[in-house]
Amino acid sequence: MEELKTIITEFRGKRVWEKYDTLERFSKSISIEAAELLEHFQWNEEGDNIQEIKDELADVLIYALAMCYHLNEDPKKIIKEKLVDVARRYPEK
């Protein structure tokens, strides 16, 4: 995860994109990219182009991770916390 943090932070920093960083913009960007991902399944449940699907998925992940870093949150930690919460609400069968 540290390697990804460095890659994403440096990439965005070289383009001076952090001046646009707000929680609202990250949230909108994640939603927009998720919608673009969903478009690939609009007429075909298997997806229409695996490379484009991977590209859109990467966009969603990059924005989500960038938002974590903006919040000074560890993505691994918040995912684990969420899974613990979900496991409590939905026990194994």
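Contact here means heavy atoms within 4.5 Å. By that criterion, cysteine 68 touches Glu73, Pro75 and Ile78, not counting residues up to four places away in sequence. The legends below describe close-up views of a predicted model.

**Figure 1. Cysteine 68 and the largest nonpolar core of the predicted model.** This core has 7 residues in all: Ile8, Phe26, Leu65, Ala66, Met67, Cys68 and Tyr69. H3 supplies its largest share, 5 residues. In soluble globular proteins, nonpolar side chains tend to be buried together. Cys68, a member of this core, has contacts that include Pro75 and Ile78.

**Figure 2. Helix H3 and its buried residues.** The helix comprises 21 residues, and its first and last C-alpha atoms are 30 Å apart, close to the 30 Å expected at 1.5 Å a residue. Buried positions in H3 are Ile53, Glu56, Val60, Leu65, Ala66, Met67, Cys68 and Tyr69. These buried residues pack against H1, H2 and H4.

**Figure 3. The crossing of helices H1 and H3.** Two packed helices are described by the angle between their axes and the distance between the axes. For H1 and H3, the axes come within 10 Å and cross at roughly 90°. H1 is therefore roughly perpendicular to H3, since angles of 65 to 115 degrees are assigned to that class. On the H1 side, the residues that meet H3 are Leu4, Lys5, Ile8, Thr9 and Arg12. Their counterparts in H3 are Ile62, Leu65, Ala66 and Tyr69.

**Figure 4. Buried and exposed faces of helix H2.** The end C-alpha atoms of H2 are 24 Å apart, which agrees with the 24 Å that its 17 residues should span at 1.5 Å a residue. Phe26, Ser29, Glu33 and Leu37 are buried in this helix. Because they cover an arc of only 75° around the axis, these four residues lie on the same side of H2. H1 and H3 are among the elements that cover the buried residues of H2. The face turned away from the buried side carries Glu24, Leu38 and Glu39, which are exposed.

**Figure 5. Isoleucine 30 and its contacts.** This residue lies in helix H2. Leaving aside neighbours within four places in sequence, isoleucine 30 is in contact with Val60, Tyr63, Ala64 and Met67. The C-alpha atoms of isoleucine 30 and tyrosine 63 are 5.9 Å apart in space, whereas the two residues are 33 residues apart in sequence.

Figure 6. Most residues other than glycine have a negative phi, and most peptide bonds are trans.

**Figure 7. Aspartate 74 in the loop between H3 and H4.** Aspartate 74 is partly exposed, at 38% relative accessibility.

How values were computed: Residues numbered from 1 in each chain as written. Predicted model: local features only at pLDDT ≥ 70, side-chain atom pairs only at ≥ 80, totals over all residues. Heavy atoms only, no water. Helix = DSSP H or I, 4+ residues; strand = E, 2+ residues; numbered from the N terminus. Expected span 1.5 Å × (residues − 1). Buried < 20%, exposed > 50% of the residue type's maximum accessible area, 1.4 Å probe, protein only. Arc of directions from axis to C-beta. Core = buried A, V, L, I, M, F, W, Y, C linked by side-chain atoms within 4.5 Å. Axes fitted to C-alpha atoms, helices over the stretch in contact; angles between N-to-C directions. Parallel < 35°, antiparallel > 145°, perpendicular 65-115°, else oblique.
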